[in-house]
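Here are a few notes from my pass over this model. Have it open while you read, and check the points in order.

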Amino acid sequence: MPVGVMMKISGSMLLIAGTSGYGFWKAGCYKSRIRLLEQLRQMVFLLKGQVLYANATLEEAFAAVGGRTEGTLARLFLYVAEEIGKQQGEAFFTIWKEAVEEILADSELKEEDRRQLAAMGEHLGFLDRDMQERNLLLYLEQLDVSINELRAHRQERCRLYTSLGVMAGMFLTILLC
């Protein structure tokens with residue numbers, strides 16, 4: 001077989017493998033986003049329990065919840081607890097918003113998810129316990145809606161991403177050859 005034909009076949013296979021890999025990666029990111037939101041939901045439930053039933057301060061509550069879990073969200077909660085402990089005179093919302101923007105910037109969460117999470121901290125820390133509970137429950141309801149919507153479309157979106165990846169590779173291969 002001539003070298004030129006071998007190069008075309010090799011290039012075509014690499015192109016299809018690359019675009020297919022990208023499709024599988026996008027599907028994995030979608031699933032990862034769902035897992036991350038589910039973990040966040042669990043952590044907010046734990047936070048609610050710490051604030052309402054254990055009468056913990058925000059610093060103690062964030063440290064306790066961050067210590068029980070792993071990953072990016074655990075780092076977020078532990079960082080916020082550390083910043084609250086420094087007592088630099090900043091409002092909690094400022095600390096929370098900066099931490100969400102800084103730590104979760106490279107996560108699978110979309111901008112909308114990060115914006116809702118940042119808004120959750122707007123009323124924590126200075127309201128009474130009932131208002132804090134309502135704020136956390138409101139955020140949990142928003143999370144449940146987002147998670148249920150993502151779950152409802154998970155199978156079709158993941159199939160779409162993988163199929164488009166493979167088909168794009170085949171299309172480009174035909175186009176270039």
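**Helix packing and the main pocket**

1. Let's begin with helix 3 (residues 72–86) and helix 4 (residues 92–103), which pack at about 145° with axes 10 Å apart. Axes here are lines fitted to C-alpha atoms, for helices over the stretch in contact, and angles run from 0 to 180 degrees between N-to-C directions. Helices are DSSP runs (H or I, at least four residues), numbered from the N terminus. This pair has a right-handed crossing; the term applies if the near helix is turned clockwise from the far one by less than a right angle, and anticlockwise is left-handed.

2. Before going on, the ground rules: this is a predicted model, with local features needing pLDDT of at least 70 and side-chain atom pairs counted only at pLDDT 80 or more, while totals for chains, interfaces and linings use all residues. Numbering runs from 1 along each chain as its sequence is written, and side-chain values use heavy atoms, leaving out hydrogens and water.

3. Who touches whom between helix 3 and helix 4? On the helix 3 side you'll find Leu-76, Phe-77 and Val-80, among others, and on the helix 4 side residues including Phe-92, Ile-95 and Trp-96. Contact means heavy atoms within 4.5 Å. The contact has 11 nonpolar, one polar and three charged residues (Ala, Val, Leu, Ile, Met, Phe, Trp, Tyr, Cys and Pro count as nonpolar, Asp, Glu, Lys and Arg as charged, the others, Gly among them, as polar).

4. Helix 1 and helix 2 (residues 58–68) pack at about 140°, axes 9 Å apart. That makes the pair oblique (angles under 35 degrees are roughly parallel, over 145 roughly antiparallel, 65 to 115 roughly perpendicular, the rest oblique). Helix 1 passes helix 2 in a right-handed crossing.

5. Helix 5 brings Gln-116, Leu-117 and Met-120 to helix 6, where the partners include Tyr-139 and Gln-142. The contact residues divide into four nonpolar, four polar and no charged.

6. Finally, the largest pocket is lined by Trp-25, Lys-26, Cys-29, Tyr-30, Arg-33, Glu-108, Lys-110 and Tyr-161. Helix 1 (residues 3–52) gives the most to this lining, with five residues. The lining has four nonpolar, no polar and four charged residues. A pocket is an open set of points on a 1 Å grid over the protein atoms alone where a 1.4 Å probe fits, with protein on both sides within 12 Å along at least five of seven lines; lining residues have an atom within 4 Å of a point.

Terms used: Helix = DSSP H or I, 4+ residues; strand = E, 2+ residues; numbered from the N terminus.
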